[in-house]
Amino acid sequence: MIWFNDAKPTIDALNQLSANTLLTHLDIRFTEIGDDFITATMPVDDRTRQPYGILHGGATVVLAESLGSTAAACCVDLTKKRVVGLDINANHLRSVPNGHVTATTTPIHIGRSTHVWSITQVDDAGRNVAISRLTMAVIDQQR
């Protein structure tokens, strides 16, 4: 298990942590937590579509960064450390006009000063929509 002190976070705790944030506005919801992954969903609707009627690439990146940074935070002692994004990239593989996208993040590297996370996104039919890689810095907690 990768979580700090082997304490797997709960879905309710992660969704409550996201209250009153961009995740709430986009209706991003954490749905599953495993020993080394977290999954979340996001609707493809008027909040997340581009003017041409398909999922906005920026919404895809918001989902990826939200998922990866949340997972990284669950792997450190937040009384001493915090995680901040350094770099994210995304390859958009398929357009999605409606429904939901489901993203799953898994670690590529969990180090003392950096984490690298892979985030895959699929549509309701399970087809690949996007893949992202997120690099996080682990820094001292500011007092």
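Modeller: Let us begin with threonine 70, which is found in helix 3. Please keep in mind throughout that this is a predicted model.

Colleague: Does threonine 70 count as buried or exposed?

Modeller: The general idea is a cut-off: a residue is called buried when its relative accessible area is under 20%. Threonine 70 counts as buried because its relative accessibility is 15%.

Colleague: Which residues does threonine 70 touch, not counting residues up to four places away in sequence?

Modeller: Setting aside those neighbours, threonine 70 touches Leu14 and Phe30.

Colleague: Where is leucine 23 found, and is leucine 23 buried or exposed?

Modeller: Leucine 23 belongs to helix 2. The same cut-off applies: with a relative accessible area of 11%, leucine 23 is buried.

Colleague: How many residues apart in sequence are leucine 23 and serine 66, and how many Å apart in space?

Modeller: One reads the two separations side by side. Leucine 23 and serine 66 are 43 residues apart in sequence, while their C-alpha atoms are 7.7 Å apart in space.

Colleague: What share of the contacts with a separation of 6 or more comes from residues 24 or more positions apart?

Modeller: In the protein, that share is 61%.

Colleague: What is the order of the elements from the N terminus on?

Modeller: The protein has three helices and six strands. From the N terminus on, they follow the order α-α-β-β-α-β-β-β-β.

Colleague: How many residues has the largest nonpolar core, and which residues have the most contacts inside it?

Modeller: A nonpolar core is read as a set of buried nonpolar residues joined through their side chains. Here the largest one has 33 residues, and Ile38, Leu55 and Val101 have the most contacts inside it. Several elements each supply at least two residues of this core, including helix 2 (22-26), strand 1 (29-33), strand 2 (38-44) and strand 6 (128-140). Helix 3 gives the largest share of this core, with seven residues.

Colleague: With which residues is isoleucine 38 in contact, leaving aside its neighbours within four places in sequence?

Modeller: The partners of isoleucine 38 are Trp3, Leu14, Phe30, Glu32, Ile33, Leu67, Ala71, Ala103, Thr104 and Thr105.

Colleague: How is a residue read when it is neither buried nor exposed?

Modeller: Such a residue is called partly exposed, and threonine 31, in strand 1, is a case with a relative accessible area of 37%. Leaving aside its neighbours within four places in sequence, threonine 31 is in contact with Ile11, Thr39, Ala40 and Thr41. Proline 97, in the loop between strand 3 (81-92) and strand 4, is also partly exposed, at 42%. Beyond four places in sequence, proline 97 touches Val44, Arg49, Gly53 and Ile54.

Colleague: What is to be noted about phi of asparagine 20?

Modeller: One looks for a positive phi in a residue other than glycine; asparagine 20 has phi near 60 degrees. Asparagine 20 lies in the loop between helix 1 (11-17) and helix 2. The cut-off for exposed is over 50%, so asparagine 20 counts as exposed, at 78% relative accessibility. Aspartate 27 has a positive phi near 60 degrees as well. The place of aspartate 27 is in the loop between helix 2 and strand 1, where aspartate 27 is partly exposed, with a relative accessible area of 22%.

Colleague: Why does the radius of gyration of the protein agree with a compact globule?

Modeller: A compact globule of 143 residues would have a radius of gyration near 15 Å, and the protein has 15 Å, so the two agree. Along its principal axes, the C-alpha trace spans about 45 × 30 × 25 Å. Buried residues make up 38% of the 143 residues.

Colleague: What do the surface and the charges show?

Modeller: The protein exposes about 7,700 Å², of which carbon and sulfur atoms supply 49%. There are 12 positive and 14 negative side chains, and the centres of the two sets lie 5 Å apart.

Note on methods:
Residues numbered from 1 in each chain as written. Predicted model: local features only at pLDDT ≥ 70, side-chain atom pairs only at ≥ 80, totals over all residues. Heavy atoms only, no water. Helix = DSSP H or I, 4+ residues; strand = E, 2+ residues; numbered from the N terminus. Rg over C-alpha atoms; globule rule 2.2 N^0.38 Å. Buried < 20%, exposed > 50% of the residue type's maximum accessible area, 1.4 Å probe, protein only. Contact = heavy atoms within 4.5 Å. Areas by Shrake-Rupley, 256 points an atom, 1.4 Å probe, with all protein chains shown as cover. Lys, Arg positive; Asp, Glu negative; His and termini not counted. Charge placed at Lys NZ, Arg CZ, Asp CG, Glu CD. Core = buried A, V, L, I, M, F, W, Y, C linked by side-chain atoms within 4.5 Å.
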